There are 2 protein chains.
Amino acid sequence: MDRVSVITSRDNEKLKLVRKLSARRWRDKLGLFVAEGEDLVGAARGVGIEPVELLVAGENVEPELLAEVSSLAHAPRVVGVFRRADLQRGPLPERGLVLWRVADPGNVGTLVRAADAFGAYVSLSDGCADPAGPKALRAAMGSTFRVALPEFSIPEGAVALLAHGAPPLTEVSGAVFVLGAERDGLPAEVIERCSATATIPLPGDAESLNVAMAGTIALYEAVRSGHGRGLSPD
Amino acid sequence: MDRVSVITSRDNEKLKLVRKLSARRWRDKLGLFVAEGEDLVGAARGVGIEPVELLVAGENVEPELLAEVSSLAHAPRVVGVFRRADLQRGPLPERGLVLWRVADPGNVGTLVRAADAFGAYVSLSDGCADPAGPKALRAAMGSTFRVALPEFSIPEGAVALLAHGAPPLTEVSGAVFVLGAERDGLPAEVIERCSATATIPLPGDAESLNVAMAGTIALYEAVRSGHGRGLSPD
């Protein structure tokens with residue numbers, strides 16, 4: 001193995017790149033993003049996605065310098081720079097979530113994780129949080145590298161999930177669900193492009209579930225009702 | 001109406017109290033907690049719970065001083081101090097979540113919100129995040145004032161929810177679910193005290209759902225299968 005040179009200056013180009021990529025603008029411009037920590041970098045490698053740059057504290061970069069560019073409270077040992085184009089593109093599974101302007105990165109990341117768990121894709125509109133941003137990546141716990149993230153598109157048969165007033169989810173058969181952000185929901189022009197609408201029946205008092213909980217339940221229900229004849233107690 | 005005196009000093013006792021209550025130690029000691037913002041204070045009042053102190057920016061406290069004691073990025077207009085003993089205590093609904101050492105306040109708050117939506121209670125063990133802490137309160141979006149939060153107890157009929165290997169959730173009938181934290185799950189001595197075990201069947205690749213997603217699905221399933229004979233497509 002070649003001896004690697006250790007980065008000892010915060011003006012190093014690789015560190016500058018990592019700092020830049022904390023901004024979505026630069027992630028979009030360069031088509032790159034940063035995954036911090038061994039769990040995320042390991043999740044990428046687990047599906048054959050290699051970083052274009054890999055910084056390892058104490059190996060090729062001074063730990064203090066890596067800590068400085070990290071978004072984490074506890075500095076990671078490794079930081080990888082990945083190509084967005086290396087993320088999964090298809091073929092799409094039958095199940096999916098289509099997110100309309102879900103701006104909270106924690107919700108986007110949680111839904112990517114749910115999609116991974118339930119074998120689904122996640123399609124994001126403009127105005128959604130970047131799934132490759134630091135908070136969404138963390139919430140997705142590595143699932144971002146395993147889930148197909150196609151361009152925004154509402155397929156034939158998609159079900160618009162509404163907080164109130166639509167037929168109960170259990171009466172609507174669908175595998176792709178369209179969800180809006182918590183406060184604003186889905187606009188009429190998006191609902192019109194869906195084949196059906198559904199609401200999760202709630203016996204309690206909460207105004208609504210958050211979008212991450214609603215999307216998770218929708219995927220659970222799609223799996224349960226699709227595979228469920230042997231599993232269901234009904 | 002009496003003229004109120006306006007707090008203009010950060011040494012004011014009420015502001016000191018609010019600062020203290022950011023620490024769980026003080027919340028436990030004094031039996032008080034702080035809810036920030038009109039939504040949370042309004043949620044409390046919506047169920048007849050009045051603050052023991054109410055600070056209103058520009059009315060009885062200088063806005064800058066209120067901003068200083070706030071845990072929020074955007075300073076709230078109102079901050080209320082509430083008595084823990086005023087939170088709901090019973091009667092308990094049939095459905096419930098029993099949380100074992102769920103230390104993440106966002107997860108605890110999200111589950112309180114889910115319990116509100118699905119008409120359930122939440123019982124917390126030692127080692128759980130304080131549901132009256134700032135992050136859990138925010139995640140619960142006001143549900144904390146509406147959900148019964150009894151002492152830790154595993155009732156007859158409780159179902160331990162495990163990440164792997166138990167019978168599928170749809171085959172196990174239960175209304176109270178016991179959940180552990182994501183990494184550690186439930187210890188054997190807790191599982192033994194439950195009447196059954198269940199696992200949420202996952203077709204995908206994710207190691208597990210997080211505890212907030214799992215608890216939400218369990219409550220959804222309890223509602224669906226309990227009320228669901230007319231609703232279910234099976």
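Let me start with one pairing in chain A. Strand E1(A) and strand E3 of chain A, residues 78-83, pair in the antiparallel sense over five bridges. Pairing here needs at least two bridges found by DSSP between two strands. Strands are DSSP runs marked E of at least two residues, helices are runs marked H or I of at least four, and both are numbered from the N terminus. Within this pair, Ala35(A) stands opposite Gly80(A) in E3(A).

A word on the ground rules. This is a predicted model: local features need pLDDT of at least 70, side-chain atom pairs count only at pLDDT 80 or more, and totals for chains, interfaces and linings use all residues. Residues are numbered from 1 along each chain as its sequence is written, while chains are lettered from A and ligands numbered from 1 in the order in which they are written.

Back to E1(A). Is it enclosed or open? Five of the five residues of E1(A) are buried, so the strand is largely enclosed by the rest of the structure. Buried means 20 or more other C-beta atoms within 10 Å of the residue's own; exposed means 12 or fewer; partly exposed is in between, with C-beta atoms placed from the backbone. Both faces are covered. Leu32(A), Val34(A) and Glu36(A) are buried on one side, and Phe33(A) and Ala35(A) on the other. In general, side chains in a regular strand alternate between the two faces of the sheet.

Now chain A as a whole. It has eight helices and eight strands. Its C-alpha atoms fill a box of roughly 65 × 35 × 30 Å, taken along the principal axes. Of its 234 residues, 45% count as buried. Take the contacts between residues at least 6 apart in sequence: 76% of them join residues at least 24 apart. A contact means two C-beta atoms, placed from the backbone, within 7 Å.

How confident is the predictor? The mean pLDDT of chain A is 91, and 93% of its residues reach 70 or more. Over residues 227-234 of chain A, though, the pLDDT is below 50; this stretch has 20 contacts in the model beyond near neighbours in sequence. pLDDT is the predictor's confidence in each residue, from 0 to 100. Where it is low, the predicted coordinates should not be read in detail. For the complex, the predictor gives an ipTM of 0.88 and a pTM of 0.90.

Next, domains. Chain A is assigned domain 1 (13-86) and domain 2 (95-227), with bounds from an automatic or database domain assignment. Their centres, taken over C-alpha atoms, are separated by 28 Å. The contact takes 13 residues from domain 1 of chain A and eight residues from domain 2 of chain A. On the domain 1 side, helix H2 (24-30), strand E1 (32-36) and helix H3 (38-46) of chain A each supply at least two residues. H3(A) gives the most, with four residues.

Over to chain B. Three strands form an open sheet in the order E1-E3-E2, and the pairing is antiparallel. Which strands stand at the edges? Strand E1 (32-36) and strand E2 (53-56) of chain B do; each has a single partner strand, so one side of each is left without a neighbour in the sheet. Five bridges join E1(B) to strand E3 (residues 78-83) of chain B. There, Leu32(B) has Arg83(B) as its bridge partner. Helix H1 (residues 13-20) of chain B packs on the sheet, touching E1, E2 and E3 of chain B, and its direction makes about 70° with that of E3(B). Helix H3 (residues 38-46) of chain B lies across E1 and E3 of chain B, at about 40° to E3(B). Those angles run from 0 to 180 degrees between N-to-C directions, with axes fitted to C-alpha atoms, for helices over the stretch in contact.

Chain B also has an open sheet of five strands, order E5-E4-E7-E6-E8, with parallel pairing. Strand E5 (120-124) and strand E8 (196-198) of chain B are at the edges. The twist averages 25° from one strand to the next. Five bridges join E4 (residues 95-100) to E7 (residues 176-180) of chain B. Leu97(B) stands opposite Phe177(B) in E7(B).

Last stop: Pro168(B). It sits in the loop between strand E6 (159-161) and E7 of chain B. With 18 C-beta neighbours inside 10 Å, Pro168(B) counts as partly exposed.
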